[in-house]
Amino acid sequence: MTTPVILPDTPAAPGIASPDAGTPDWESHCRIGLPRNCSFQPSDWQVLSRCWFPVARGDAVADKPVRARLLDLDLVVYRTNGIARVARDLCSHRGAALSLGWVEGDTIICPYHGFRYGPDGACRGVPAHPDLPISPRLRIAAFPTVERFGLIWTTLNGDDTPLLPDFSAWDDPDFQPILAPTIDIEASAGRQMEGFLDVAHFAWAHTQSFGDRNNPFVPSYKVMRTPRGIRADYLSTVSNYPRGLQHLAPPDFQWLRVFEVFPPFCARLIVHFPDGGRLWILNAAAPVAARKTRLFCPLARNFDKDGPVEAVHAFNLQIFNEDKVIVESQKPEDLPLDIQMEAHIAADRTSIAYRKLLKEMGLGQLYVS
Ligand code: FES
Ligand SMILES: [Fe+2]
């Protein structure tokens, strides 16, 4: 007597939305439901699960699967024939972590019983029963994946068409692309993002890197809506050179910083240097959990292109570590989207607009009620 590989009524793996589960309409189209021990408000998680986020540096994923985490869900990131893939780090047989396995051809192999899964998530082989048919229900959750700006991006429940920030300088031959070190922050992505947009903290939190305690004034600036989010053009005398190189800027040089937000958690800053120099900085915050953020930071510059990238890495790390200390100290830990909950000054225009933007996306509904 032969044993069937999978019984017809075998339930789907935990967390994978089943089309007939009586769930709300949009949920019935989801690849994935709320994770166990979800640290987000359920409504926030559902909104965020439809967005695209970076989950790994491209250069961190070579021939071995790598584990990542997004929105409280464990993921496996791997390559087949050079193409980046992201799937749930959970074998649908006995729940072993696929990130402990390996890649062969275009399949990922589970380390426990050797089941192999194709790029679409379908099981392609059960070594214990090579001659029996494989149930179509035996599959892992495979997510749409794209590699851009040196990062691997995915979405848990969003459209297959990637909705990524505009960071075109990365591919511009006039620019040098630099992937700065990744930083893990014990804080919410919203708080981190708002810190990136904040222009009044340069003279306080960044005096060791580029800020000047004697130049705390924030000139008036405007915030505009864009098709995707918001934009702020900030003109001031705060230099972007490191402390030891501030003499390089002409006296009274006006520094233009153009911020553009791609909600929920990406922001691009273009710093206009003397002599047409441009530095593009992408703050791409991945919400690992409600209060855990992995910050990815691609840069591109059209000057000093032969200079050592190590110095850029170190300077960037220094600045973001200065921010990290502050952001990890903030209470409440979640970004209050009810504008009344914290006091604001004129310099906070961008952060007020940012909070409104997140609220419009449907985030923070429970938090502000
Ligand atoms: S747990 Fe993966 S093959 Fe059995
Ligand atoms: Fe900062």
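Student: Which strands do the four bridges join, and how do those strands run?

Tutor: Four bridges join strand S13 (residues 222-225) to strand S14 (residues 230-236), and the two run antiparallel. Keep in mind that this is a predicted model. A hairpin of four residues links S13 to S14.

Student: Which strand do seven bridges join to S14?

Tutor: Strand S15 (residues 255-262), again antiparallel. Follow Ala-232 across: its bridge partner in S15 is Phe-259.

Student: What lies between S2 and S3?

Tutor: Two residues, in a hairpin. Look at Leu-71 in the turn, which has a positive phi of about 50°. Strand S2 (residues 66-70) and strand S3 (residues 73-80) run antiparallel, joined by five bridges. Arg-67 stands opposite Val-76 in S3.

Student: Now the core. Which residues touch the most other members?

Tutor: The largest nonpolar core has 85 residues, and Val-55, Leu-70, Leu-75, Val-77 and Ala-87 touch the most other members. Strand S17 (residues 278-289) gives the largest share, eight residues. Domain 1 (26-154) and domain 2 (168-368) each supply at least three residues to this core.

Student: What does Leu-70 touch?

Tutor: Leaving out residues up to four places away in sequence, Leu-70 touches Phe-53, Val-55, Leu-75, Leu-156, Ala-286 and Val-288.

Student: How is the chain divided, and what separates the domain centres?

Tutor: The domain assignment gives domain 1 (26-154) and domain 2 (168-368). Their centres, taken over C-alpha atoms, are 31 Å apart. The contact takes 19 residues from domain 1 and 22 residues from domain 2. On the side of domain 1 that touches domain 2, the elements giving two or more residues are helix H1 (42-48), strand S1 (53-57) and S2. By class, that side has eleven nonpolar, four polar and four charged residues.

Student: How do I read a helix such as H4? Which of its residues are buried?

Tutor: Start with the general idea. An α-helix has 3.6 residues a turn, so residues three or four places apart point the same way. Now the case here. Helix H4 (residues 309-327) has 19 residues and reaches 26 Å from its first C-alpha to its last, close to the 27 Å expected at 1.5 Å a residue. The buried residues of H4 are Ile-319, Phe-320, Glu-322, Asp-323, Lys-324 and Val-327.

Notes: Residues numbered from 1 in each chain as written. Chains lettered and ligands numbered in written order. Predicted model: local features only at pLDDT ≥ 70, side-chain atom pairs only at ≥ 80, totals over all residues. Expected span 1.5 Å × (residues − 1). Buried ≥ 20, exposed ≤ 12 C-beta atoms within 10 Å, placed from the backbone. Core = buried A, V, L, I, M, F, W, Y, C linked by C-beta atoms within 7 Å. Domains from an automatic or database assignment. Contact = placed C-beta atoms within 7 Å. Pairing = 2+ DSSP bridges. Nonpolar A, V, L, I, M, F, W, Y, C, P; charged D, E, K, R; others polar.
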